[in-house]
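This briefing covers the structure shown below.

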Amino acid sequence: MSAATTAPSTIPVARWRVAAWAFWDWGSSAWNAVIVSFVFGPYVVRGVVGDARPGGLSANTWVGISGTVAGLLILLVAPVTGQRSDSGGHRRRNLLVWSALVLAVMVAMFGVRDEPSYLWLALVLLGAGGIFNELAGVSYNAMLPQVSTPATIGRVSGFGWSMGYFGGIFLLLICYYGFIEPDVGWFGVGNAGGLDIRTVAVFSAVWFAVFGAAVFVAVPEVPPGPAQRRVGIVDSYRLLVRDIVALWHRDRNAVRFLIASALYRDGLAAVFSFGAILAVSVYGMAQSTVLIFGVAANVVAALGALALGRVEDRVGPRRIIMISLVGLIASCLVLLFVRGTPLFWVFGLALCLWVGPAQASSRSFLARLAPKGREGEMFGLYTTTGRAASFLAPGLFALFSALFSDRVGIVGIALVLAAGALAMTRVTPPRAAEHNAAVVS
């Protein structure tokens, strides 16, 4: 049975339950904002490795290899993990397990000193944490229908994304002024041996644990699925193959959306992955200013997700996705001709404005499409297809940068976004979304 023929509950969800769910986004932002993007990841490249070339490769290359290996593992296990959490009624339990493993990885990062010999530990931890964080996201995203109704799913998804961005903003500012900027930070922490960054990793784990705990109390566990779907691991893969074939025959629109979103979501990820690199290397932004730009970028993306999430419940998620992709592509093209830091602030933030709405509406689009009781499986496929295309934007960015210049690397990102937008033209809005838009209007 497809989501179009399912009749989800229209009973309003208590606001405290929605807030508890969204606070997991607030807490888990510690991984992407602090660990991957702006603090620990750059520390591994600059502080741990520096000018050394372990194995003849740069630190950036090794980090890329770690991410690729992690992506392949996610590709293999995410859909089955989601399917098993649905069938066994373990969605909340799985979220707890994967979240705890992310916390353990962040605490272990305290052991990564600023010496090249610690690169291998850093790579293992970054890869493992990336896997656990993605698998946690499968169960978390699958909870969206549990904390929303058909008429509010867009604004709830947008609220969750905005909470993630705002959580990252506050944590980055706290870490910057508490540990990174002063010579001696809180608790007497200095920068010898990378102690300030290592302490930030532990502090971020505490942040995640404190704010992420509410969801496990407020959002109930889902009931187990039909007995015939509660199978062993090997049979889970057989069942997954049958489900994918059945999905193709039953709802090709859902398959088209998974493919289209895999393309443009890779472009969205590249915007934040390469934004800091371009700010410094192309637009002349001081290294000390990059973290502040990251804070501003998160503010803009959060406001975009929050505002357009409410609009989505009136016009449907597909329109928001298409508007956001057009805005992203236009901003990329303008940045090709921008010179200097002041203009980069303007148009770089304009680019970030559209990232949040595209991400939030993509999540709610799939939640509307997913058959009731199979949300975890669908979000597992969502994660898998995203990982399957995750090489495109980095690869095209590298190709255009190598052939022309770092600035022209932006063209590679724009092409991936354009390919996703083109593929979305073949995706029709969920019938439930069209109905909800009419009801809200």
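This is a predicted model, in which local features need pLDDT of at least 70 and side-chain atom pairs count only at pLDDT 80 or more, while totals for chains, interfaces and linings use all residues. Residues are numbered from 1 along each chain as its sequence is written, and side-chain values use heavy atoms, with hydrogens and water left out. The protein chain has 18 helices and zero strands; helices (H or I, at least four residues) and strands (E, at least two) are DSSP runs, numbered from the N terminus.

**Whole chain**

- Of the 441 residues in the protein chain, 54% are buried, where buried means under 20% relative accessible area, exposed over 50% and partly exposed in between (1.4 Å probe, protein chains only).
- Among contacts (heavy atoms within 4.5 Å) with a separation of 6 or more, 84% are between residues 24 or more positions apart.

**Helix H7**

- Helix H7 covers residues 195-212, which is 18 residues.
- From first C-alpha to last, H7 reaches 25 Å, close to the 26 Å expected at 1.5 Å a residue; the expected span is 1.5 Å times one less than the number of residues.
- The buried residues of H7 include Asp 196, Arg 198, Trp 207 and Phe 208.
- Those buried residues pack against helices H1 (15-38), H2 (40-49), H4 (91-108), H6 (153-180) and H8 (214-218).
- Thr 199 is in helix H7 and counts as buried because its relative accessibility is 14%.
- Leaving aside neighbours within four places in sequence, Thr 199 is in contact with Phe 110, Phe 179 and Val 189.

**H1 against H7**

- The axes of H1 and H7 are 7 Å apart, and the helices pack at an angle of about 165 degrees. Axes are lines fitted to C-alpha atoms, for helices over the stretch in contact, and angles run from 0 to 180 degrees between N-to-C directions.
- H1 and H7 are therefore roughly antiparallel (angles over 145 degrees; under 35 is roughly parallel, 65 to 115 roughly perpendicular, and the rest oblique).
- H1 and H7 cross in a left-handed sense, meaning that the near helix is turned anticlockwise from the far one by less than a right angle; clockwise would be right-handed.
- Residues making this contact include Trp 24, Gly 27 and Ile 35 of H1 and Val 200, Ser 204 and Phe 211 of H7.
- By class, the contact of H1 with H7 has 11 nonpolar, five polar and no charged residues. Ala, Val, Leu, Ile, Met, Phe, Trp, Tyr, Cys and Pro count as nonpolar, Asp, Glu, Lys and Arg as charged, and the others, Gly among them, as polar.

**H12 against H17**

- Helix H12 (residues 317-335) and helix H17 (residues 409-424) cross at roughly 155 degrees, with axes that come within 9 Å.
- H12 and H17 are therefore roughly antiparallel, and their crossing is left-handed.
- The contact involves, among others, Arg 318, Leu 325 and Cys 332 of H12 and Ile 410, Leu 417 and Met 424 of H17.
- The contact of H12 with H17 divides into 13 nonpolar, one polar and one charged residues.

**Single residues**

- Phe 187 lies in the loop between H6 and H7 and is exposed, at 72% relative accessible area.
- Phe 187 has a positive phi of about 60 degrees, although it is not a glycine.
- Most residues other than glycine have a negative phi.
- Thr 341 is in helix H13 (residues 341-353).
- Thr 341 and Val 282 are 59 residues apart along the chain, and their C-alpha atoms are separated by 9.0 Å.
- Not counting residues up to four places away in sequence, Thr 341 touches Tyr 283, Gly 284 and Met 285.
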